[in-house]
Amino acid sequence: MLKRSGTTSGTILQRVKFPALVALTALAAGLPLTLNPYWTAVFVSIGLGALLSLSLNVILGRAGIFNMGHAAFYAVGAYVTAILNTRFQVPVLWLLPVAGAASGLCALLVARPIIHLRGDYLLIVTVGIVEIVRIALINDVGGLTGGANGIFGIARPEIFGIRIRRDIQFYYLVWGAVALTVALFSRLDRSRVGRALSCIKEDDTAAEGCGIDVARYKLLAFGLGAFWAGMAGALFAAKMTIISPGSFTFWDSVLLFAAVTLGGGSQTGAVLGAFLVFGLPEIFRDFASARMLVFGLALMAMMVVRPQGLLPPALRRYDTRFITRGERAAGDGE
Amino acid sequence: MKPLLRLTNVTKRFGGLIAVNEVSFSADEGGITGIIGPNGAGKTTLFNLLTGNYAPDGGDILFRDVSLVGRKPHEIVALGVARTFQSIRLFSSMSVLENALAGRHCRMRAGLLSSMFGSAAQRREERAAVERAVRELEFTGLAEFLNDKAGSLSYGNRRLLEIARALASDPILIALDEPAGSMNQPETEVLVRLIRAVRDRGISVMLIEHDMGLVMQVCEKLIVLEYGIKIAEGSPAEIRGNPRVIEAYLGQD
Amino acid sequence: MDQLFLQLVNGLAVGGIYALVALGYTMVYGVLKLINFAHGDLFTIGAYLGLTLFVGMGLAGTLTVFPAVLSVAVMVMGLTALLGGVLERVAYRPLRKAGRLSAVVSALGASIFFQNAVMLVWGANYEVYPEVMRPSTVIFLFGTGVPLIRLLIIGVSLMLMLSLYGFIHHTRTGTAVRAAAIDQGAAALMGINVNRIITLVFLIGPGLGGVAGVMVGLSYGQIDFSMGFSYGLKAFTAAVLGGIGNIPGAMLGGMLLGLIETLGSAYLTIAWKDAISFLVLILILIIRPTGILGERTAEKL
């Protein structure tokens, strides 16, 4: 009897959550008005990092697939955007879905033969992929990628006739995208697909044994995560106007991997992880050249103190109040 | 009664070891079939062949005239064969209700987009699935725990949750691998009633069990394996008097 | 033909270095199922410590080349081994019961820490090993001039690998290491002190890695603070190629990778040199998911 009250605690939580959400939105919207240009720029890059972290969270945090080559998919999106924009003048925002699709498609093609590999093998293969992509970009494949110098002159995005140029405009664009992503991915979490990914993360043999097509859902997670990374790449290209292979290295993948793991697997965790990984080094700027040293130490310390990550996903609760209850169990005595 | 499941000359080798050797038998629709035998007789291997976790090296497994050989485990679940695991494989950081919902997965259709954007059909389906999962938890006597972490349940209740998860997939046949393992006497009695109630719902049951009391009590037909070979088949009464079986069991100790 | 022979020697020399570093990855992985991402940086530290010992302590002047190199190598081995032991205590032991991911990230943190520590201590520019320490002797084999140092590297790495192999397979402690790699729980029940085995593995691996660092300095002359990244990644690739957790596999994988990379960049394309090894890795894993010598373990249900 006592346990059944658990269903009402869900609504209490929602009651607290809503004002909190409003407050957070107001805070996020007001924040750039108080920031100097430097910190606005920092927040834009944290926002891009959060988008990427959320996209990797689908693969690593939710489905438990060790992908340490996420920068490769980010790169595909950024380069597709840059090439189509500079050569054919396609507006950047139109290219968002194109960049996503290109990168998602690449991910599916690449992941298909390797998706069955065990965790650490998959990890090193994804590291290999990000290195191969970087080297391919440097070698100017097909004469399209501009070699080591990359591509410059990417147009700024335009919404309703407003050209997004200043950091403060990018702030709203990027963090709006983050909010939308959190909303969509949270819904996904609480669905058939999201549950299937959680099951796979926890025990893929058991998942397969209760009817989940493990290979298919792993690929789905890979494809979705890469799609989102591709779109983030398009925004990145539009923000920077110049992209080069140096932005898509193994270390960028490592930082994303760390952000997701620090976050612990939840959507808010992924955003928080991005703050820590892309924001902390900025705060440590006082340490000057030692800041990455301190960052490395902080990474170790955070994992030792909280190995499960800062915000692991909470137990999902479902509304069961509509079900009339009280039937006797089959095993009850006569 | 027509046979639901028919195994013919099913063989599985691991290197030089023949774990299951030319085993043939059939199980009836609506029956409770037990597979018994000493440790290492090949019982669990046989189950894993049935559920697609292993591929047989020879022979065929027909389920309602459809061959299960070469199919992946999730396809076999969709065809109507659900299982539990000897070593209890729940999703222990997920809630009890979610574990049962996971079993419902193969009867649901919602894809990526409808899940992300929450279409009306998706919400309807989700609601129906939650209701069905709750019903299975009520059926197995776990309803009071539905918002608890699966990992926090007692061992006996974890076994019951595995059964609830399997039942949520609308099985035609449910395969239970040592369902009474690590259960005490009162828990085992609840289990016996549950297995009968499952059968009364029209679901055929196949089980592996070491608890002879339970096997003799609930099974209508027994298959006895020793060293991968079927040494006897029949009703509990027939098996109890079978000299080969007595020898196999006594010889073991 | 001469060219091919020279390339083979170069490939084996690089391969020997990869193999030594790969051993550190594979031994740690074998026992702890952990990818020690900081291993490549311990290798870098080995190279720099070697340099400091040669130059700073004046060894370069006072002793003749051979004893100087030998004593430096031994000292570096001891120091990096010590560092490996400390690393295990601080960054990995507290996480042994936690999930795999947290240990991976802690390892990445350690790697970032070490790499930046090297940069702060020795500077961001590359350093050069003293010319006196690098014998420029060329030996003529089959009519081809082969740098003596490359042959020495092949010889020393083979010798170290054979000693390790002998230790692992023919001593009681080595047997305990193998037992702990198969099943830590069972090993502990048999009276093996698993903690000591883990410490031992973290001494041996970084020790060998440190020596490999000195070998790179002696052979190629130039070292820099980020070299652990590419060598580490290649060595880890070699370990996976051979079947991670498998000691002969790491040796084979390292040698093979060294050869493939050297021959590939000599005869195919130099621009894609670093991509070749990864392409080979991916192809091999598609065909053999457990690596060349890795065994497939059937999962118990």
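**Note on a predicted model with chains A, B and C**

1. A:Asp140 sits in the loop of chain A that runs between helix H5 (119-138) and strand S1 (151-152). The model is a predicted one, and the values below are computed from it. A:Asp140 is not a glycine, yet its phi is positive, at about 55°.

2. A second residue with positive phi is found in chain B. B:Asp65, also a residue other than glycine, has a phi near 70°. It is placed in the loop between strand S4 (58-63) and strand S5 (66-67) of chain B. With a relative accessible area of 68%, B:Asp65 is exposed. A reader checking backbone angles can look at A:Asp140 and at B:Asp65.

3. The interface of chain B and chain A comes next. Here 53 residues of chain B are in contact with 50 residues of chain A. The two chains bury about 4,400 Å² between them, and carbon and sulfur atoms carry 59% of that area. Three residues, B:His105, B:Met116 and B:Asn147, supply 16% of the area that chain B buries against chain A, more than any other three residues.

4. Which kinds of polar pairing occur between chain B and chain A? The rule finds 3 salt bridges across this interface, and it also finds 13 residue pairs in polar contact, both residues being at pLDDT 80 or more. In one salt bridge, the side chain of B:Glu98 meets that of A:Arg316, with an N to O distance of 2.7 Å.

5. H5(B) gives the most, with 10 residues. By class, this side of chain B divides into 23 nonpolar, 14 polar and 16 charged residues.

6. Chain C also touches chain A. The contact involves 48 residues of chain C and 41 residues of chain A. About 3,800 Å² is buried between chain C and chain A, with 81% of it given by carbon and sulfur atoms. In chain C, the residues that lose the most area to chain A are C:Leu101, C:Val105 and C:Ile112, which together make up 15% of what that side buries.

7. How many salt bridges does the rule find across the interface of chain C and chain A? The count is 1. C:Arg100 forms a salt bridge with A:Asp120, and the closest N and O atoms are 2.3 Å apart. There are 4 residue pairs in polar contact between chain C and chain A, both residues at pLDDT 80 or more.

8. Helix H4 (65-92), helix H5 (100-122), helix H10 (227-242) and helix H12 (273-287) of chain C each supply at least two residues of the side that touches chain A. The most comes from H5(C), with 17 residues. The side of chain C that touches chain A has 34 nonpolar, 10 polar and 4 charged residues.

9. Within chain A, is A:Ser53 buried or exposed? A:Ser53 is buried, because its relative accessible area is 0%. The residue lies in helix H2 (residues 37-62) of chain A. Apart from its neighbours within four places in sequence, A:Ser53 is in contact with A:Leu256, A:Ala259, A:Val260, A:Ala270 and A:Ala274.

10. A:Lys201 is placed in helix H7 (residues 192-202) of chain A. It counts as partly exposed, at 39% relative accessibility. Leaving aside neighbours within four places in sequence, A:Lys201 is in contact with A:Leu60, A:Gly61, A:Arg62, A:Ala63 and A:Gly64. A:Lys201 and A:Phe287 are 86 residues apart in sequence, and their C-alpha atoms are 39 Å apart in space.

11. Over all chains, the count of disulfides comes to 0. A:Cys210 is in no disulfide: the nearest cysteine sulfur, that of A:Cys199, is 5.6 Å away, whereas a disulfide would need sulfur atoms within 2.5 Å. A:Cys210 is buried, with a relative accessible area of 6%. A:Cys106 counts as partly exposed, at 30% relative accessibility.

Conventions:
Residues numbered from 1 in each chain as written. Chains lettered and ligands numbered in written order. Heavy atoms only, no water. Contact = heavy atoms within 4.5 Å. Buried area = accessible area lost by both parts, 1.4 Å probe. Salt bridge = Lys/Arg side-chain N within 4 Å of Asp/Glu carboxyl O. Polar contact = N/O pair within 3.5 Å; in protein donor to acceptor, adjacent residues only side chain to side chain. Helix = DSSP H or I, 4+ residues; strand = E, 2+ residues; numbered from the N terminus. Nonpolar A, V, L, I, M, F, W, Y, C, P; charged D, E, K, R; others polar. Buried < 20%, exposed > 50% of the residue type's maximum accessible area, 1.4 Å probe, protein only.
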